[in-house]
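User: I have a structure open and would like to talk through a few spots in it. Could you take my questions as they come?

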Amino acid sequence: MVANRGEIAIRVFRACTELGIRTVAVYSEQDTGQMHRQKADEAYLIGRGLPPVAAYLHIPDIIKVAKENNVDAIHPGYGFLSERADFAQACTDAGVRFVGPPPEIVRKMGDKVEARTIAIRAGVPVVPGTDAPIASLQEAQEFANTYGFPIIFKAAYGGGGRGMRVVREYEELEENYQRAYSEALAAFGNGALFVEKFIEKPRHIEVQILGDKYGNVMHLYERDCSIQRRHQKVVEIAPAAQLDPHLRDRLTADSVNLARQVGYENAGTVEFLVDKHGKHYFIEVNSRLQVEHTVTEEITDVDLVHAQLHICEGRSLHELGLKQDKIRINGCAIQCRVTTEDPARGFQPDTGRLEVFRSGEGMGIRLDSASAFQGAIISPHYDSLLVKVIASGKDLPTAAAKMNRALAEFRIRGVKTNIPFLQNVLSNDQFLYGTVDTQFIDENQELFNLKPVQNRAQKLLHYLGHVMVNGPTTPIPVKAKPSPVDPVVPMVPLGATFDVAMRFLYECPWRRLQELRALMPNIPFQMLLRGANAVGYTNYPDNAVFKFCEVAKENGMDIFRVFDSLNYLPNMLLGMEAAGAAGGVVEAAISYTGDVSDPMRQKYSLQYYLELAEELVKAGTHILAIKDMAGLLKPQASRQLVGALRNRFPDMPIHVHTHDTAGAGVAAMLACAEAGADIVDVAVDPMAGMTSQPSMGAIVACTKGTKFNTGISLEKVFDYSEYWEVARGLYAQFDCTATMKSGNADVYENEIPGGQYTNLHFQAHSMGLGNKFKEVKKAYVEANKLLGDLIKVTPSSKIVGDLAQFMVQNSLTRTEVEERADELSFPLSVVEFLQGHVGIPHGGFPEPLRSKVLKSLPRVEGRPGASLPPLNFETLEKQLREAHGDDITPEDVMSAAMYPKVFQEFRDFANTFGPVDCLNTRLFLDGPKIAEEFEVELERGKTLHIKALALGDLNKAGQREVFFELNGQLRSVLVRDTVAMKEMHFHPKALKDVRGQIGAPMPGKVVEVKVKAGQKVEKGQPLCVLSAMKMETVVNSPLAGTVAKVYVTPDSSLEGDDLILEITE
């Protein structure tokens, strides 16, 4: 029987099997799934109802199992009862042989003080220390006064670093004494301590000994166990590197003399400290098999467990062929303890399920493991050791190279391990070519510069499983499935807006740009720059805008189309200056609204646009653009506006951008060309029309044979269109044609920009307003009037849209909004606009609406970004490296500067789900079908072959196990079923007739809770902030009173009218 668990139990079972001995395992209630049970011929439960560790310390149960099942001998392994003399005695009393020294020897060696006395008697040098366990803190104080600091407390009845504390000054003495005592008591059942002088920076060298029942004792040379953390060994080496031969002789001779002095039997280890002067001091004798016995076996070719069993049988060392003069050191061996500990977090143990386990193997590698297999549960109850890896070679560098290679082959997923740390140790020059001491880890902090584990395949399986269980991670507005037909993929991927790439596609926009530039080195690239808002929806410090343009230019951007959503000139000029300073081509864009051909609409007249263009040309723009985001340019207005600009600026290139919502886009663009425009924007035919741009094919065909001939072959246009016709079907869930079947001339009335039209449709569906979209469009007109008739381009268009949805959600008319403006909880974007955070609109802010909404809130005067302090990019980069590791690039810093929250969520997503950009569109949006096989290329030469196998039932934790075949191997992931979890939770609704119950004005997620229970609030005071689909709303108190109860926390997901809190008046 082995009275132990894990890898040491299996190690002994294997030796027994080789010797033809039947085996018996014991296990605790928590270890029913452990592998050591299955490796024995028989297995029995012990310690029913006891805590996990106590079960293996319960001597009566172990002896009872042994007697009931005719056990002849018990091997204690290491730890637990292995150095308990009372256990050895209990075995003897029960007529069962104890595989180890006799009880009296175990007692003497286990008592550190008595062992020390024996060592002195044997002439072995010892460290100054107490002669007996100390009985009080006062004795420790007296010892420190005599010998000085540092001192060390050690458990008198156990080892392994437990109950061991170094004290360097008087103030630390009492706390460390108490901690050492309690640790020793918990680990060994006895809190007795002794104290000794602490040797600074010693090497920890131990000598393996064997003794038989006839007084014969021999050594099997030494091991170097100096690489430790918190006095626990991490890496062990045999023999000790660069050890003076004379010192080796003294160590081995002293070990044998000490063992003979006490009449030692069986295997044991004599441990020493060696100071920097080469003096050695006896520490203790471990009267058991050591964890690191493996390296001694590898260099001496002696099976120590075989020897233990034979000696227990009564055979002599000579009978076993073990003679001192025959023992030779053959090469070098290293043992690494692979544990489920996270070195980045102070070696904090990690627990969970082993989703993947693949070991490193090959020549010169030995593995001693226990329950290291796919699906194993790593519990918090026992030691964190997962597997011992032993590498052998002709010398230390050779063995280290083999070990490094083997560790690199390991694939352990589901829990953190110390493998990256071990690899750093094995690559350290001091380790390879010098000598190490017990301070090696503490003094080499670069060992903690851990190379992050990629884990791309398993993360992708998690993503696919998540989509299979919970649906797309990107919110879907339309209930439709992607087309099952994949188009023939074009040579080059397409781009996306900066934040959408991270927010919804979970891809790095900079990486997209880099890939495009590499594939198309000679084609000019253009980007939109929102003036002082850069690529965001808010204001940034001026240096952030300049830095963004600089980084964009470095990554391959050429032309910067600069605009401002309000045509606010100070914002535009800053963006133009930043683009020019970066070396880019500056294209200043005038945002168009109204109708210059209608003499009744004078706010945005032809004269207004000409004067604005004059300022932009004066500022040095290289190209002049008209940005008609709503598609309001009618043919007549096109002729008037472009004609006037061409007459005023005959040599300035003119670029026109429009949308075809009303269906007049082709006519308008042809009119622009006739009036003198040089460039007009179009869309490939299957993606053209409605809220998109006019048809490319139509423009090419209509100009053929005229002086405006594009020179583009219609046949090539048709070939290009064929791909996009199929590709569009993949995005059926986002297609506005689900509700919009044709162009709609009501855009001339509501003036909704094309891009926002689909976004509003998307948002309306996600917020349960899909059936009220017509009302949303009408409310958009009223919201625009409320805000003073704005130019509507992102972000100003978003402000109007947010207000429109707010009005529909709360059934408010324009008049009601004006009347109740001082008590309503307006969307945050509306409040910030009225504060002046976006800029100053043409004609000024609407009054008295502005004053009623803002009340005492601060207002921004002039250009919003002018008052912001410069962004410290060095500090930001440092913060990002601390949060995400050292693989942060200058582009990442820029992304975090523009979108801090979105970048954080993007990195969190990537850490969880890996590189989803390598999935095709259908797999990304909809996941695979059961039994579907597909390939995913991670990078050149690395392709995953995946097959979706099955979807498991819901477990008690609200999870489903999703099964895959990955590269021919079975893999599974546990995915939390969010719908099922939601069904398990019922959030109370706010009762409309109860005045103090505050409900969510819209579905969304709680970003911040600004009050707590018991707090007094005033009418209009902010209570919490909700976020949904890019729109944040501050929920204000409709009354004064005291908060009775808060029902939400940050990140709570709410439906409309879900109860947020209660207020009593």
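User: Which residue in E7 does Lys 154 stand opposite?
Analyst: Lys 154 stands opposite Phe 194 in E7; please keep in mind throughout that this is a predicted model.

User: And what stands opposite Ile 151 in E7?
Analyst: In E7, the residue opposite Ile 151 is Lys 197. Strand E5, residues 151-155, and E7 pair in the antiparallel sense, and five bridges link them.

User: How many bridges join E5 to E6?
Analyst: E5 and E6 are joined by three bridges and also run antiparallel, with Ile 152 standing opposite Val 166 in E6.

User: What is the strand order in that sheet?
Analyst: The order is E6-E5-E7, in an open sheet of three strands with antiparallel pairing. The edge strands, each of which pairs on one side only, are E6 (165-167) and E7 (193-197). Ignoring direction, neighbouring strands of this sheet are turned by 25° against each other on average.

User: Are the residues of E5 buried or exposed?
Analyst: Five of the five residues in E5 are buried, so the strand is described as mostly covered, where buried means under 20% relative accessible area. Both faces are covered, with Ile 151, Phe 153 and Ala 155 buried on one side, and Ile 152 and Lys 154 buried on the other.

User: Which helix lies across E5 and E7?
Analyst: That is helix H8, residues 137-147, which lies across both strands and runs at about 10° to E7.

User: Switching topic, which residues have the most contacts inside the largest nonpolar core?
Analyst: Inside that core, which has 80 residues, the ones with the most contacts are Phe 548, Tyr 592, Leu 645, Val 656 and Met 898. Apart from it lies another core, of 40 residues, which includes Val 234, Cys 336, Phe 357 and Val 415.

User: What is Val 656 in contact with, beyond its neighbours within four places in sequence?
Analyst: With those neighbours left aside, Val 656 is in contact with Ile 626, Leu 633, Val 642, Met 669, Cys 672, Ala 677, Ile 679, Val 680 and Asp 681.

User: Last one: where is Thr 691?
Analyst: Thr 691 is in the loop between strand E27 (679-680) and helix H25 (696-703). The C-alpha atoms of Thr 691 and Gln 756 are separated by 8.7 Å, although the two residues are 65 residues apart along the chain.

User: Why does Thr 691 count as buried?
Analyst: Thr 691 counts as buried because its relative accessibility is 9%, and the cut-off for buried is under 20%.

Notes
Residues numbered from 1 in each chain as written. Predicted model: local features only at pLDDT ≥ 70, side-chain atom pairs only at ≥ 80, totals over all residues. Heavy atoms only, no water. Helix = DSSP H or I, 4+ residues; strand = E, 2+ residues; numbered from the N terminus. Buried < 20%, exposed > 50% of the residue type's maximum accessible area, 1.4 Å probe, protein only. Core = buried A, V, L, I, M, F, W, Y, C linked by side-chain atoms within 4.5 Å. Contact = heavy atoms within 4.5 Å. Pairing = 2+ DSSP bridges. Axes fitted to C-alpha atoms, helices over the stretch in contact; angles between N-to-C directions.
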